[in-house]
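Some points on this model, for your review. Please read them with the coordinates open.

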Amino acid sequence: MQTQRTTDEFKNEPFTDYSKPENADAMRQAIEQVKSELGRDYAVIVNGEKIELDKKFESFNPAEKSQVIGRFSDADADAETLVNRAIDAATEAFKSWRNVRAEERADYLFRAAQIIRERKHYYSAWMVFEVGKTWAEADGDTAEAIDFLEFYGREMIRYAQKQPITQIAGEDNRLEYIPLGVGAIIPPWNFPLAIMCGMTMAAVVCGNTTVLKPSPDAPTIAYKFMEILDEIGLPKGVVNFIAGSGTKVGELLVQSPKIRFISFTGSKAVGLHIYEEAAKTREGQRWMKRVVAEMGGKDAIIVDAEADLDAAATGVVQAAFGFQGQKCSACSRLIVDESVHDELLEKVVALTKELKIGSPTEAETNMTAVINQKSFDNALKAITKGQDEGGKLIVGGVGDSSQGFYIEPTIIDEVKEKSTVEQEEIFAPVLAVIKAKDFDHALEIANDTQYGLTGAVYSKNEEKLEKARNEFHVGNLYFNRKCTGALVGAHPFGGFNMSGTDSKAGGREYLLQFMQGKLVSEKVGATKSESKEVLNAGDTSAKAF
Ligand code: NAD
């Protein structure tokens, strides 16, 4: 059954207003529903077959660490066999999936989107439990997953249409985009539905087949997505699901000579390692692997002397502490003109103190736990280091892991340029405040990192904004608004330098990374004299490729 929705214009999925009692009730019910499903066993899925393994690993609720979310067959136990089986299944499925019409492939995405839309709170509730998203953050993630499906479906249809190329007399020239082959999909845990689903289905809609290795911190939501793919009848073997560690399953996938491309989103360290491994040609390999790697950030908000300080303070607090600072786009550096530093900080501190920290299952919670013990430890270490290197702790700084991995929203003022807390991604609710002498100095500080993902400038001065437009070197730059909250279609997303390959997820060029252009030129109505031209010294075409 086709949904016939392919020609509608793309529109972003609206966010849920939980201040409406009916929406809040629906979310509470979904939370109860998910609670009743916690702790179940989940298999590896190869070619549609569910394979239960004796060895298991568990996914936990970060805010209630004794609560098990799901028990997963751990592919690490027999990684080589399983990874090979999954790649072989995907290779076999590729033979037919690549020939399925683009419109039909897109229709699978539209139907998946419709299912998520209908059970939106159910999927959001899984994220509340598995990764500690507040209601609003989880709802945003679910909406983004829907957007990716709707957007990439339409994009594939666009790419399948006749492509504009120069026509010359006597030839019928056509350029078409064909899929690459079998891809490894390696997502992070922090947008466990949206990014996982977007990365997987972008590849799939282009005609590729995949092996999905979910993050060990968020495998349940990925499995729930596999259930949707089963429900829509996606052919077996198009998406295979292998939960296991990055260091075992992930490595084997990346190294396999049968993998044609790797779609990765995660940390800089892992991304660089994958990039290097993918560049090695292994026995039997017939291609150069393509790597799409979207990595970390050290994102800054610049607040100029001529800014609306109330708006800036709100934007900074939302971008620094939303989802506990665990967004690649999170504001981890506030660079403020020294003339407005004190006034701005007073506002930022006041708003930070208003944040309600608690369980993500409660509607009023603004902030909750960070993802795991390692993240908790790293955050506390970074806070100590920030002070050792001259920073002044003005809010927060305390962690409590008795029940879950709670870190208070933390602001370190007087941070020096080039200090560790100013340079390295922490991925926790830790904001470094750096004073700038003037706007040029602020831009200099902002650009002085290895990264280049997002950034924002608050200023009423058009000339300064124009300067930032040219000089602030980030993939996603925002003026007079926060640096988080990119919307599919409106804000194609991806960063420069060590933030990755700038793939621009949710943008028009994203799908090109999962396809290759094939040009077919057919000579039409060839005349006798033209056919004699072949070895003619005067033939200009002989000089070109
Ligand atoms: P991570 O790098 O620890 O893990 C990402 C994925 O890689 C996981 O599935 C993991 O199991 C796998 N992995 C780990 N080691 C591997 C290896 N050796 N070989 C193959 N796979 C391996 O990152 P994370 O903690 O899941 O996510 C947080 C990071 O992701 C942050 O740095 C954040 O900035 C970044 N991120 C970037 C974007 C973006 O669009 N630029 C979006 C979201 C998150």
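1. C197 is buried, at a relative accessible area of 0% (buried is under 20% relative accessible area, exposed over 50%, partly exposed in between, with a 1.4 Å probe and protein chains only). The model is predicted, so local features need pLDDT of at least 70 and side-chain atom pairs count only at pLDDT 80 or more, while totals for chains, interfaces and linings use all residues. Residues are numbered from 1 along each chain as its sequence is written, and side-chain values use heavy atoms, with hydrogens and water left out.

2. How many disulfides does a search of the whole structure find? The count is zero (a disulfide is a pair of cysteine sulfur atoms within 2.5 Å). C197 is in none; its nearest cysteine sulfur belongs to C206, 14 Å away. C331 is in no disulfide either, with the sulfur of C483 as the nearest cysteine sulfur, at 5.0 Å. C331 counts as buried at 1% relative accessibility.

3. The largest nonpolar core has 84 residues (a nonpolar core is a set of buried Ala, Val, Leu, Ile, Met, Phe, Trp, Tyr and Cys residues joined through side-chain atoms within 4.5 Å). I116, Y152, L193, F225, L234, F241 and L511 have the most contacts inside this core. Helix α5 (residues 135-160) gives the largest share, 11 residues (helices are DSSP runs of H or I, at least four residues, and strands are runs of E, at least two, numbered from the N terminus). Domain 1 (42-295 + 501-518) and domain 2 (299-488) each supply at least three residues of this core; the bounds come from an automatic or database domain assignment.

4. F225 is in contact with I116, L193, M196, C197 and M201, leaving aside neighbours within four places in sequence (contact means heavy atoms within 4.5 Å). Another core lies apart from the largest one. This other core has 32 residues, among them A379, I407, F439 and F472.

5. The whole structure holds 18 aromatic pairs (rings of Phe, Tyr and Trp, the last by its six-membered ring, pair if their centres lie within 6.5 Å; planes under 30 degrees apart count as stacked, over 60 as edge-to-face and the rest as tilted). F10 and F151 have ring centres 5.3 Å apart and planes at 80°, so the pair is edge-to-face. This pair links distant parts of the chain, 141 residues apart: F10 is in the segment before α1 (21-37), F151 in helix α5. F10 counts as buried at 17% relative accessibility, and F151 at 9%.

6. Y223 and F241 also form an edge-to-face pair, with 5.4 Å between centres and 85° between planes. Y223 sits in helix α7 (residues 219-231) and F241 in strand β9 (residues 239-241), 18 residues apart. Y223 is buried at 5%; F241 is buried at 0%.

7. Q285 lies in the loop between α9 (268-279) and β11 (290-294). Is this residue buried or exposed? Q285 is buried, with a relative accessible area of 12%. A polar atom of the Q285 side chain lies 2.8 Å from the backbone oxygen of W287. Not counting residues up to four places away in sequence, Q285 touches P257 and K280.

Methods:
A polar contact is a pair of N or O atoms within 3.5 Å; within protein, one must be able to donate a hydrogen and the other to accept it, and residues adjacent in sequence count only if both atoms are side-chain atoms.
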